[in-house]
Amino acid sequence: MLYDNLSINDKGHLAIGGIDACDLAAEYGTPLYVLDEDQVRKNCQTYVAAMKKYLPEGSMPLYAGKALCFRGIYPVIDSEGMGADVVSGGEAATALSAGFPASKLFFHGTNKTDDEIANGVRQGIGCFVVDNTNELEVLGREAQAAGVVQKILLRVTVGLDPHTLEAINTGRVDSQFGVPIETGQALAFTRAALSTSGVEVIGFHSHIGSQIFEPDSFCDQVDRLLDFACSVRNELGFVAGTFNLGGGFGVPYVESDPKVDIAANIRAIAEHLEAGCAKADYPLPRILMEPGRSIVANAGVTLYAAGGTKTVEGYRSYVTVDGGMTDNPRYALYKSAYTVLNASRASAPADFLCTIAGRCCESGDRIAEEIRIAEPRRGDIIAVLTTGAYNFAMSSNYNRVLRPALVMVSQGKARLAIRRQTIEDLLALEL
């Protein structure tokens, strides 16, 4: 199995966290998101322990809620000692409604609205990651009106290409995110922030992309942030106490993907940071990271009911399922590879070559192409692995398809965390 929380039980069915996937589908219906809470906790613990062990005091992982944001995830994240980043008023409201401490929230976004900024200040959001001078002006004004001094990180662009997928590369000089160092604009941005009333600059944030498996790109990022921080110290007399490195590490979706030793990677980054700071005679900053995918992706499995098979002689065979791009748009967007199993016949030979097609009226509605699974019969449960991140979060009602339910499993028990959307829900906002 791709992950050790998955197994095949004595019925020959796929089990998720020890619970029969076919039983879950029968009880809660399909399509169904299943999230293994115990795996989420294990992933959190890996980051928390490694950052505490190897990085300066105060270093901490922040869960990136854009990967999977719903009330049930935040008590888990909080209890494991993590902070969280949010990118909208909706994400902030979700976290706060679950009792997550506002002081542990970091508010991101390239175009925060005036209302989001004002509400975030009033709610006591711990830190804003300020993307641009327009936002800086509004934030300073709102903080003064509220009679507070708002902590901020300045998002800068370090000009790195980590050789990841174009759509998830955020570190280039001309990125839409942050202010570039290379052009001199980041220095001017910092000067403006340091003179803005109502805010306290605590450091710098940068993000270079997602699905990065090795520490090398993060080490290069540290070098550029440190060089910039040194120039800021020399020019403006400001010493940054925090470097936020953005995303976490990549996750394997198929057996051929690299496996990641997160703790070893964090140790490598820590050693590189220490050497760089010693050479530059710069005080060690605390380090923040923002893992999202690597916290929830491998904890998630999506279950579908097979509609049957269709073979176009001389071309290909299709397996149709009762979900698709409405609950998982990543294949349509990125041609993302997935591991797919026939959960009803998980012990049978995977010898049927097929394409998994969704139910939407789009030729691009596919989950996987040219893969091998045990040939399904109508009603068999098809499991798509590693769907904890960016599946529920990016789901839609295209073709007026209803969003699935989400079930959390832990210690051999399952509980409904998000109920299945109904037709009444779908029509509720229409006048």
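Y390 lies in the loop that runs between β19 (381–385) and β20 (405–410). In this predicted model, the phi angle of Y390 is near 60 degrees, a positive value in a residue other than glycine.

The peptide bond joining T30 and P31 is cis, with omega at about -10 degrees.

## Packing of α2 and α9

Two packed helices are described by the angle between their axes and the distance between the axes. For α2 and helix α9 (residues 262–280), the axes come within 9 Å and cross at roughly 25 degrees. Angles under 35 degrees count as roughly parallel, so α2 is roughly parallel to α9. The crossing of these two helices is right-handed.

On the α2 side, the contact is made by T46, Y47, A50, M51 and Y54. The α9 side supplies I262, A263, I266, R267, A270 and E274. By class, the contact of α2 with α9 has eight nonpolar residues, one polar residue and two charged residues.

## Packing of α7 and α8

Helix α7 (residues 185–194) packs against helix α8 (residues 216–236) at an angle of about 55 degrees, and their axes are 11 Å apart. The two helices are therefore oblique to each other. The crossing of α7 and α8 is right-handed.

From α7, the residues in the contact are A186, L187, T190, R191 and L194. From α8, they are F228, V232, E235 and L236. The residues of this contact divide into six nonpolar, one polar and two charged.

## The second largest pocket

The second largest pocket has a volume of about 360 Å³. Its lining is made of 17 residues, and those closest to the pocket centre are Y3, N43, V260, I262 and N298. By class, the lining has seven nonpolar, seven polar and three charged residues.

Helix α2 (residues 37–54) gives the most to this lining, with five residues. I262 links the pocket to the helix packing described above: I262 is among the residues closest to the pocket centre, and I262 of α9 also takes part in the contact with α2.

Definitions and conventions:
Residues numbered from 1 in each chain as written. Predicted model: local features only at pLDDT ≥ 70, side-chain atom pairs only at ≥ 80, totals over all residues. Heavy atoms only, no water. 1 Å grid on protein atoms, 1.4 Å probe; cavity = no way out; pocket = protein on both sides within 12 Å on 5 of 7 lines; lining within 4 Å. Points joined across faces, edges and corners; volume = space filled by probe spheres on them. Helix = DSSP H or I, 4+ residues; strand = E, 2+ residues; numbered from the N terminus. Nonpolar A, V, L, I, M, F, W, Y, C, P; charged D, E, K, R; others polar. Axes fitted to C-alpha atoms, helices over the stretch in contact; angles between N-to-C directions. Parallel < 35°, antiparallel > 145°, perpendicular 65-115°, else oblique. Left-handed = near helix turned anticlockwise from the far one by under 90°. Contact = heavy atoms within 4.5 Å.
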